[in-house]
Amino acid sequence: MRWCLFAWTVIACGWPAPTTLPAAPPLTQQQGAEALRRAVDFFRQQVSIEGGYLWSYSSDLSLREGEGRASKTTAWVQPPGTPSVGEALLAAYRNTGDRYYLDSARETALALVTGQLKSGGWDYRIEFAAGDRQRYAYRSLGENAGSRNTTTLDDNTTQSALQFLMHIDQQLAFKHKQIHEAAVYALRSLLRAQYPNGGWPQRFAEYPDPDKFPVRKASYPDNWPPLHPDVDYRSYYTFNDNTIADTIALMLDAAVVYSEPAYRAAAIRAGDFIILSQMPDPQPAWAQQYNNQGHPAWARKFEPPAVTGGESQGVMTTLMMLYRRTGEKKFLEPIPRALAYLKASRLPDGKLARFYELKTNRPLYFTREYKLVYHDRDLPTHYGFQVSSKLDRISQQYQQLLERGPDKAPPGKPQVQRARLTPSLQAAAEKVVATLDDRGAWAEDGSLRYQADGKSPSRIISCTTFISNVELLSRFVGARP
């Protein structure tokens, strides 16, 4: 009865019924453009060192790191460092047409030019402080250059830097002298660093003497040391971390960008090396690295001479890419034998061992004390000694290639294809803009990996996040209705 009286009173007095707050208006493309500009402004003015970038920063920018701690005058080349940020800025220009982003990308390209070594490529890092710079053989220092002159192809370092320089060189119609010369110099250095058999090393400071690197098919050594030897493996023919795969893709792209057949020929020679380095039966796959005798060899203390279930999958993907881009069927021929062997070598849970002992095919592992063993009960945690199997997908791709054939035409200059302004793109852009702080930074929960205990922050600024958000937001800004 009391409830009825109260309800009657509400109606009689005309009190308003509860209402929900109106929804926020949708983000406009103009608002997205303003947010994008603020984010890039912040990165250029507060985060950058002369156009160069690292991997991660504390939110207050007091702590910085790439694959290791870094100072305010250090940039990182290895992705997701400077070249990756440069590619995102170039994509922002292509998506929006705003030359501010082309200027930003050019600034980043010049940071790479400043850090190019006389050997032709790049180290993992670039130093901008005068005292630190003098240790390195930077081309830009001329006769005052230091002695550190090692180009690294490990972890897509030199390849990603050169790929970005090629892209912006093409965008600038090859008219920026410094950028164009740096790109061509690096490409010619890679040609000179290629071994007679078509392989490339993990790193180089000098070009190989052909007499020291005979062309030989891969074979099993009569024996191999079970203990890690003190050996410099940087000159070995290296598949580890996609070193050769990344260089092949780079050379194929360079052949198109510069209309230079020598780069395509280098990629094909590297494909011939892949065929040459396939191990004979009973393990017709590939090793991580080979010495100049064509034998699988030790690299780091947890990378023994072995046939690898990890890199072998990437090698097969590279062979298929070579066939697509060149039309040469010889690059498909090694795949069926490798697939059959690797499928038969899967572990009970369907995964592959990273390392299989030569000839016996027993999976190899290491203990936390780095003792080589046949069991996986005490593995170090910093390295994947078992890897996911992608063999079914590779088999499917192989069959599709047999049916479809190679690409009809090589890729040309990137064409700007404006995205459609879909509800999902709208929602994603709104989420990205909502997380931008007052400075124009995308700060997020996280930590820095290489700081001393107790010094890692709880909020960080990540280049990976910046790259992803800039690419997404620029697609939204340039999207067609």
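These legends go with close-up views of pockets, cavities, helix packing and some backbone details in a predicted model. Residues count from 1 along each chain as its sequence is written, and side-chain values use heavy atoms, with hydrogens and water left out. Because this is a predicted model, local features need pLDDT of at least 70 and side-chain atom pairs count only at pLDDT 80 or more, while totals for chains, interfaces and linings use all residues.

**View A. The largest pocket has 19 lining residues.** Glu67, Asp154, Asp155, Asp241 and Arg300 lie nearest the pocket's centre. A pocket here is an open set of points on a 1 Å grid over the protein atoms alone, with protein on both sides within 12 Å along at least five of seven lines, and lining residues have an atom within 4 Å of a point. The space inside comes to about 300 Å³, a volume being what is filled by probe spheres set on grid points that are joined across faces, edges and corners. By class, the lining has 10 charged, 4 polar and 5 nonpolar residues. (Nonpolar means Ala, Val, Leu, Ile, Met, Phe, Trp, Tyr, Cys and Pro; charged means Asp, Glu, Lys and Arg; the others, Gly among them, are polar.)

**View B. The largest cavity has a volume of about 50 Å³.** A cavity is a set of grid points where a 1.4 Å probe fits but cannot get out, and the structure holds 3 of them of 30 Å³ or more. Around this one sit Phe239, Asn242, Ile244, Ala245, Ile274, Glu311, Gly314, Val315 and Thr318. Helices α8 (243-257) and α10 (311-326) each bring at least two lining residues, and α10 has the largest share, with 4. Helices are DSSP runs of H or I, at least four residues, and strands are runs of E, at least two, numbered from the N terminus. The lining splits into 5 nonpolar, 3 polar and 1 charged.

**View C. The second largest cavity holds about 40 Å³ of space.** Its lining includes Asn197, Arg216, Lys217, Tyr237, Phe273 and Tyr290. Sorted by class, that lining has 5 nonpolar, 3 polar and 2 charged residues.

**View D. Helices α6 (residues 157-171) and α7 (residues 177-193) cross at roughly 135°, their axes coming within 9 Å.** Axes are lines fitted to C-alpha atoms, for helices over the stretch in contact, and angles run from 0 to 180 degrees between N-to-C directions. The pair is therefore oblique, the label for whatever is not under 35 degrees (roughly parallel), over 145 (roughly antiparallel) or 65 to 115 (roughly perpendicular). Contact, meaning heavy atoms within 4.5 Å, involves residues including Leu162, Leu165 and Met166 of α6 and Ile179, His180 and Leu190 of α7. The contact residues divide into 10 nonpolar, 1 polar and 1 charged.

**View E. Helix α3 (residues 82-96) packs on α6 at about 25°, with the axes 9 Å apart.** These two are therefore roughly parallel. Among the residues that touch are Pro83, Glu87, Leu90 and Tyr93 of α3, and Phe164, His167 and Ile168 of α6. This contact has 6 nonpolar, 5 polar and 2 charged residues.

**View F. Some backbone details in the loops.** The Pro79 to Pro80 peptide bond is cis, with omega near 5°; Pro80 sits in the loop between β4 (74-76) and α3. Asp281 to Pro282 is cis as well, with omega near 15°, and Pro282 is in the loop between α9 (261-276) and β9 (289-290). Glu50 is not a glycine, yet has a positive phi of about 55°; Glu50 lies in the loop between α2 (29-47) and β1 (56-58).
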